[in-house]
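Have a look at the structure first.

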Amino acid sequence: MAVMRDGFTERECGGVPYLCADVLPCTHGFTTRKGGVSEGDYASLNLGGGTEDAQENVRENYRRLCGALGVPERMVFTRQIHGTEVRIVTEADSRLPFDPQPPACDGLVTNRRQLPLIVFTADCIPVLLCDPKAGVIGAVHAGWRGTVADILGVAVGEMCALGAHPEDICAAIGPGIGRECFETGPEVAEALEAWLPGGDEFYIPEPGRPGKYLVDLRGADRERLLRLGFRPEHIAVSETCTRCRPDMFWSHRIMGTRRGSQAAVIMLD
C-alpha cells in the first residue's frame, strides 16, 4: 500500500518498507530500519557493514532490499568520511557487500544504466539526484561538515561534466535530523553563514541556551540547490526527522555507535 506525504510515497515490497520521492523519474528508495533479519541493537534492516552485526544478516538484508527495489545486488558503495569527494563511477566500481572496501568518498555520480548507487545515513542527510534528459544520476551523503564544504555543489558539477544541467536535475532530500533536534554550537552556524551567505533562517539561536543553535540542514541543502539553478518544483524535501522516529530510523544522536544504518539507493533504468 502506498501512502503519500511531503512529496514522498511510502511503499512496501516483500516486507521491506521504503520511501520514494515523486520528483525522481527513476528507480530509487530511502530505506527504514524495518524489514530485515538483524537482531538486538541492529534490528532489523541494518545495511551498515562496519558493525558487530553478523555478516550473514547484513547480506540477507541487502538481498531483501535489492528484491524490493528491483535492483542488482552489485552496487557502487561509498566509504564515507564526511568530506567532499564525489566520484564518477562505472560498472568497474560495482561490488557486493563485504567485498574489499571502496575508495573513500561521500558522493557518487554515473550515466550508466542498471548501476545502483548507495549512500548510508543515521541522522545525516541523504540526497538523490537525477537528470532524466541527460541520463545522469547522483547519490550524496550530506552531513553538516560535507554540507558546509559544498558537497552538493561538487556533486552537481560532476553531473554537469557528464552532460547534466541544473535546471533539469530533480532532487530528493531524504529523512534526516530535523531543525528542532539538531542543536549545535556556534561553529556550525558560522560555517553555514560562510557557505550560504544570508541563510541565517537555517540556523536560529535556541531560546534559553546561549551559544546554541538549531540548524535546518535539509532547508539549507534545498537553498543551495536553488542557488545552483535547480527549479523549486524539482526539489522534494522529506519532513521526517530520524531522531524523532527511532522506531523507524537509525539515529546516531540517540543510539550512538551501536546501531545500524539506513541507505538511499538510486539507479538509471
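Which side chain of opposite charge is nearest to Arg-218, and how far away is that side chain? This is a predicted model, and in it the nearest one is Asp-216, 5.0 Å away. Arg-218 is buried yet has no salt bridge, because a salt bridge needs a side-chain nitrogen within 4 Å of a carboxyl oxygen. Arg-218 sits in helix α5, residues 217-227. Leaving aside residues up to four places away in sequence, Arg-218 touches a run of residues that includes Ile-173, Gly-174 and Pro-175, plus Val-237, Ser-238 and Glu-239.

Asp-216 does have a partner: its side chain meets that of Arg-179 in a salt bridge. Asp-216 lies in the loop between β13 (213-215) and α5, and Arg-179 in the loop between β10 (170-173) and β11 (183-184), so the pair ties together parts that are 37 residues apart in sequence. Asp-216 is buried, with a relative accessible area of 16%, while Arg-179 counts as partly exposed at 24%.

The structure holds twelve salt bridges. Here are some of them:

| Pair | N to O distance |
|---|---|
| Arg-63 and Glu-60 | 2.6 Å |
| Asp-150 and Arg-224 | 2.8 Å |
| Asp-216 and Arg-179 | 3.5 Å |

Arg-63 and Glu-60 both belong to helix α1 (residues 55-69), three residues apart, or about one turn of the helix. Arg-63 is partly exposed, with a relative accessible area of 43%.

Asp-150 and Arg-224 pair up across the chain: Asp-150 is in the loop between α2 (144-148) and α3, Arg-224 is in helix α5, and so the bridge ties together parts 74 residues apart in sequence. Asp-150 is buried, at 18% relative accessible area, and Arg-224 is buried at 18% too.

Now for the helix packing. Helix α3 (residues 151-161) and α5 pack at an angle of about 40°, with their axes 10 Å apart. That makes α3 and α5 oblique to each other, and their crossing is right-handed. On the α3 side, Leu-152, Gly-153 and Val-156 make the contact; on the α5 side, Asp-221, Arg-224 and Leu-225 do.

One last stop is Ile-88, in strand β5. Ile-88 counts as partly exposed, at 38% relative accessibility. Ile-88 and Ala-155 are 67 residues apart in sequence, but 9.3 Å apart in space, C-alpha to C-alpha. Not counting residues up to four places away in sequence, Ile-88 touches Asp-93, Val-109, Glu-158 and Leu-162.

Conventions
Residues numbered from 1 in each chain as written. Predicted model: local features only at pLDDT ≥ 70, side-chain atom pairs only at ≥ 80, totals over all residues. Heavy atoms only, no water. Helix = DSSP H or I, 4+ residues; strand = E, 2+ residues; numbered from the N terminus. Buried < 20%, exposed > 50% of the residue type's maximum accessible area, 1.4 Å probe, protein only. Lys, Arg positive; Asp, Glu negative; His and termini not counted. Contact = heavy atoms within 4.5 Å. Axes fitted to C-alpha atoms, helices over the stretch in contact; angles between N-to-C directions. Parallel < 35°, antiparallel > 145°, perpendicular 65-115°, else oblique. Left-handed = near helix turned anticlockwise from the far one by under 90°.
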